[in-house]
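Trainee: I am new to this structure. Please show me how to read it, one feature at a time.

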Amino acid sequence: MSQVAETKGADAAPAPDATYDGLRLRGLTKSFAAFTAVDDLDLDVPRGSFFALLGPSGCGKTTTLRMVAGLETPTSGSITLAGQDITYAKPYKRPVNTVFQSYALFPHLDIHENVAFGLKRRKAKDVDAQVQEMLDLVELEAQARKRPAQLSGGQQQRVALARALINKPEVLLLDEPLGALDLKLRRSMQIELKRIQTEVGLTFIHVTHDQEEAMTMADTVAVMNAGVIEQMGSPAELYENPRSTFVANFLGQSNLIEGRVLSRAADLVSVDMHGINVSVPVDRSHTDGDMGWIGIRPEKVLIGEPGEALDAPGNTIPGGVISDVSFVGVSTQYLVRMPWGQELQVFAQNTGRSRLFSQGEPVELSWRPEYAFLLDHAQDARAGAQKDDE
């Protein structure tokens with residue numbers, strides 16, 4: 001898995017740009033009048049990685065992509081690619097290609113000619129052989145002589161991808177590329193895009209507001225909010241161990257419960273959660289304060305009848321009452337009102353091993369301490385919860 005380093009606040013000096021063969025952003029800022037869209041961004045994207053910029057509308061992800069593409073000029077900062085400073089280079093002089101949500105195919109040209117367009121403009125050799133190779137890669141060799149209007153949305157997207165890849169860019173930029181597709185097709189294209197990226201070995205930078213899309217395809221995800229990167233890492237790391245309330249809420253769903261820190265040991269932090277003592281591993285505790293938000297993902301919470309032995313030693317929370325039940329096939333999603341008035345979400349897998357609960361029934365909840373995390377109480381517990389419906 002690719003390792004991506006953000007250098008803000010790091011003690012070690014960054015390596016000289018001339019020795020770095022990936023994409024490097026340093027102090028990248030873009031302001032529009034009084035609004036700062038991207039704020040002093042430092043980012044390294046290793047060569048050959050599949051990298052996702054994830055965040056809600058207005059967070060700065062598309063502006064960052066446009067600066068890399070040369071479609072926006074930075075207010076300050078630098079962009080280097082494969083050791084070359086491209087901060088102010090013209091878009092056509094950058095070894096970068098972009099695939100947009102609107103495929104921008106030439107309607108009067110067939111698929112072969114659409115893919116060949118860039119090569120023919122540069123008077124390249126062996127155009128037909130290169131086009132054939134690229135159409136094979138995107139599995140459209142049988143459609144070569146059709147016009148774009150005769151293809152499905154997913155096929156048109158693959159044509160746009162082939163047309164960009166045939167130029168052999170250092171970096172392929174993908175700006176919400178699957179946004180125009182329906183849900184089923186979008187999921188199959190996620191797998192297809194990852195296959196193609198692995199096969200060609202190029203750097204893909206994918207901008208999206210869709211958390212599932214980012215987590216399905218990317219080696220590394222950077223969650224952006226208000227022009228800065230909140231957290232960056234592998235999809236599993238971000239989901240299992242979020243470091244801010246925004247990340248906890250934006251990536252999936254989280255229960256965030258107020259708690260007061262009682263003690264800190266070498267490996268565990270002990271927290272009073274409305275009169276119940278719960279534990280959080282030190283490496284999942286992200287606050288130094290006396291108060292915090294105890295976080296637990298809904299699928300990590302076990303639910304049972306009062307007094308029932310649940311397989312999650314360490315944290316048992318009595319006194320819950322089912323306030324809502326939603327059966328969604330693979331799981332049943334409960335809302336459980338706790339004695340302190342908060343409703344907690346519980347996602348119980350429908351394995352058939354335990355019975356379904358009904359609204360109004362008393363229950364107990366439990367979770368293993370190693371699944372919990374602790375966040376800074378100064379952060380808004382609702383941050384990131386309002387997903388964008390772009």
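Predicted model: local features only at pLDDT ≥ 70, side-chain atom pairs only at ≥ 80, totals over all residues.

Trainee: Is Gly360 buried, exposed or partly exposed?

Mentor: Look at the relative accessible area. For Gly360 the value is 48%, so this residue is partly exposed. The exposed class starts over 50%.

Trainee: Which residues does Gly360 contact, leaving aside its neighbours within four places in sequence?

Mentor: Val321 and Ile322. Sequence and space can also be set side by side. Gly360 and Val301 are 59 residues apart in sequence, and their C-alpha atoms are 19 Å apart in space.

Trainee: Where does Thr29 lie?

Mentor: Thr29 is part of strand β1 (residues 23-32). Its relative accessibility is 12%, so Thr29 counts as buried. Buried means under 20%.

Trainee: Which residues does Thr29 touch, not counting those up to four places away in sequence?

Mentor: Thr36, Val38, Asp39, Asp40, Met67, Pro74, Thr75 and Ser76. For a separation along the chain, take Phe373. Thr29 and Phe373 are 344 residues apart along the chain, with 32 Å between their C-alpha atoms.

Trainee: Now the whole chain. How many helices and strands are there?

Mentor: The protein chain has 8 helices and 20 strands. Its C-alpha trace spans about 75 × 50 × 35 Å along the principal axes. Of the 390 residues, 51% are buried. Take the contacts between residues at least 6 apart in sequence: 67% of them join residues at least 24 apart.

Trainee: How do I describe two packed helices?

Mentor: Use the angle between their axes and the distance between the axes. The crossing of α2 past α3 is right-handed.

Trainee: Which residues of α2 and α3 meet?

Mentor: From α2, the residues are Ile111, His112, Val115, Ala116, Leu119 and Lys120. From α3, they are Val127, Asp128, Gln130, Val131, Met134 and Leu135. This contact holds 8 nonpolar, 2 polar and 2 charged residues.

Trainee: Which residues of α2 are buried?

Mentor: Ile111, His112, Asn114, Val115, Ala116, Gly118 and Leu119. The cover over these buried residues includes α3 and α4 (153-165).

Trainee: What caps the N-terminal end of α2?

Mentor: Asp110 does. One of its side-chain oxygens lies 3.2 Å from the backbone nitrogen of His112. After α2 comes Lys123, with a positive phi near 55°.

Trainee: At what angle do α4 and α5 pack?

Mentor: At about 20°, with the axes of α4 and helix α5 (residues 183-200) 11 Å apart. The two helices are therefore roughly parallel to each other. The cut-off for that term is under 35 degrees. α4 passes α5 in a right-handed crossing. On the α4 side, the contact uses Gly153, Gly154, Gln157, Arg158, Leu161 and Leu165. On the α5 side, Leu185, Met189, Glu192, Leu193, Ile196 and Val200 take part. By type, the residues of this contact are 7 nonpolar, 3 polar and 2 charged.

Trainee: Where are Glu176 and Ala226 placed?

Mentor: Glu176 is in the loop between β7 (171-175) and α5. Ala226 is in the loop between β9 and β10 (228-233). Their accessibilities put them in separate classes. Glu176 has 9% relative accessibility, so it counts as buried. Ala226 has 55%, so it counts as exposed.

Trainee: One more loop, please. Where is Asp219 found?

Mentor: Asp219 lies in the loop between α6 (211-217) and β9 (220-225). Its relative accessible area is 14%, so Asp219 is buried.

Trainee: Which side chain does Asp219 join in a polar contact?

Mentor: That of Lys194, in a polar contact of 3.1 Å.

Notes
Residues numbered from 1 in each chain as written. Heavy atoms only, no water. Helix = DSSP H or I, 4+ residues; strand = E, 2+ residues; numbered from the N terminus. Buried < 20%, exposed > 50% of the residue type's maximum accessible area, 1.4 Å probe, protein only. Polar contact = N/O pair within 3.5 Å; in protein donor to acceptor, adjacent residues only side chain to side chain. Left-handed = near helix turned anticlockwise from the far one by under 90°. Contact = heavy atoms within 4.5 Å. Nonpolar A, V, L, I, M, F, W, Y, C, P; charged D, E, K, R; others polar. Axes fitted to C-alpha atoms, helices over the stretch in contact; angles between N-to-C directions. Parallel < 35°, antiparallel > 145°, perpendicular 65-115°, else oblique.
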